[in-house]
Amino acid sequence: MGRRMRGDVRAIDQLIITLPLPSPKASKNAKHGTRVAAMIRASATKKQRENAKLVATVGLQEINHETWERASVTFRFYFPDKRRRDLINFAGALSGAIDGIVDAGLIADDDWKTLVIGGMTGEIDRENPRVELFFSKLA
C-alpha cells in the first residue's frame, strides 16, 4: 500500500516573469549627452525596476520562494510588429528590471558569477507585446 502524504512541498527550479517591453527611454542608446536626457533615462529605469520588483515579489510570495545563489535567464521578446529590432539593445534596456528582480529576492545578485544570460529570441504578438524572462536555478 502507498504511503499517504498530508502535504507536499516542491522546489521550484524555473520561474517565468512577464513584463512590458522596455521603454526606449531606458535604452543606453537613447538620446544622450544632456543632463535632461540622463534624467529621463534614470526615471524610466527606476519605474522599470519598481514594476519588476512588484511583479516578482507578488509571484514569489505565492510560491514561498527562497533566493537562488546562481541562475540563468533567457529573454523572449514579443513585439507588436515585424520591424527590425536589436535584441541586444532590448536586453540591455532591461537592466532596471533585472535589478528589481534582485531586489525582490529571486536571485542573490546580477553579477557574472550569479546570473548567466542563456539567450534571447524575438517573436510577434500584435495583441500583447511583452518580454518574458525565463529564470532557471543553477547548481
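Two strands pair if DSSP finds at least two bridges between them, and strands themselves are DSSP runs of E, at least two residues long, while helices are runs of H or I with at least four, numbered from the N terminus. You're looking at a predicted model, where local features need pLDDT of at least 70 and side-chain atom pairs count only at pLDDT 80 or more, while totals for chains, interfaces and linings use all residues. Residues are numbered from 1 along each chain as its sequence is written, and side-chain values use heavy atoms, with hydrogens and water left out.

**Stop 1: the sheet**

Select the four strands. They form an open sheet in the order β1-β4-β2-β3, with mixed pairing. β1 and β3 are the edge strands, each pairing on one side only. Ignoring direction, neighbouring strands here are turned by 15° against each other on average; axes are lines fitted to C-alpha atoms, for helices over the stretch in contact, and angles run from 0 to 180 degrees between N-to-C directions.

Now zoom in on β1 and β4. They run antiparallel and are joined by six bridges.

**Stop 2: a helix across the strands**

Select α3 next. This helix lies across β1, β2, β3 and β4, and runs at about 45° to β4. Is α3 enclosed or open? Seven of its 10 residues are buried, so α3 is largely enclosed by the rest of the structure. (Buried means under 20% relative accessible area, exposed over 50%, and partly exposed in between, using a 1.4 Å probe and protein chains only.) Colour the buried ones: G96, A97, I98, G100, I101, V102 and A104. They pack against β1, α1, β2, β3 and β4.

**Stop 3: the core**

Which residues touch the most other members of the largest nonpolar core? Out of 26 residues, they are L106, L133 and F135. (Such a core is a set of buried Ala, Val, Leu, Ile, Met, Phe, Trp, Tyr and Cys residues joined through side-chain atoms within 4.5 Å.) β1, α1, β2, α2, α3 and β4 each supply at least two of its residues.

Pick L106 and show its contacts (heavy atoms within 4.5 Å). Leaving out residues up to four places away in sequence, L106 touches L15, I17, L60, H65, E66, T67, W68, I101 and F135.

**Stop 4: a serine in β2**

Finish at S72, in strand β2. S72 is buried, with a relative accessible area of 15%. Beyond its neighbours within four places in sequence, S72 is in contact with L115, V116, F134, F135, S136 and L138.
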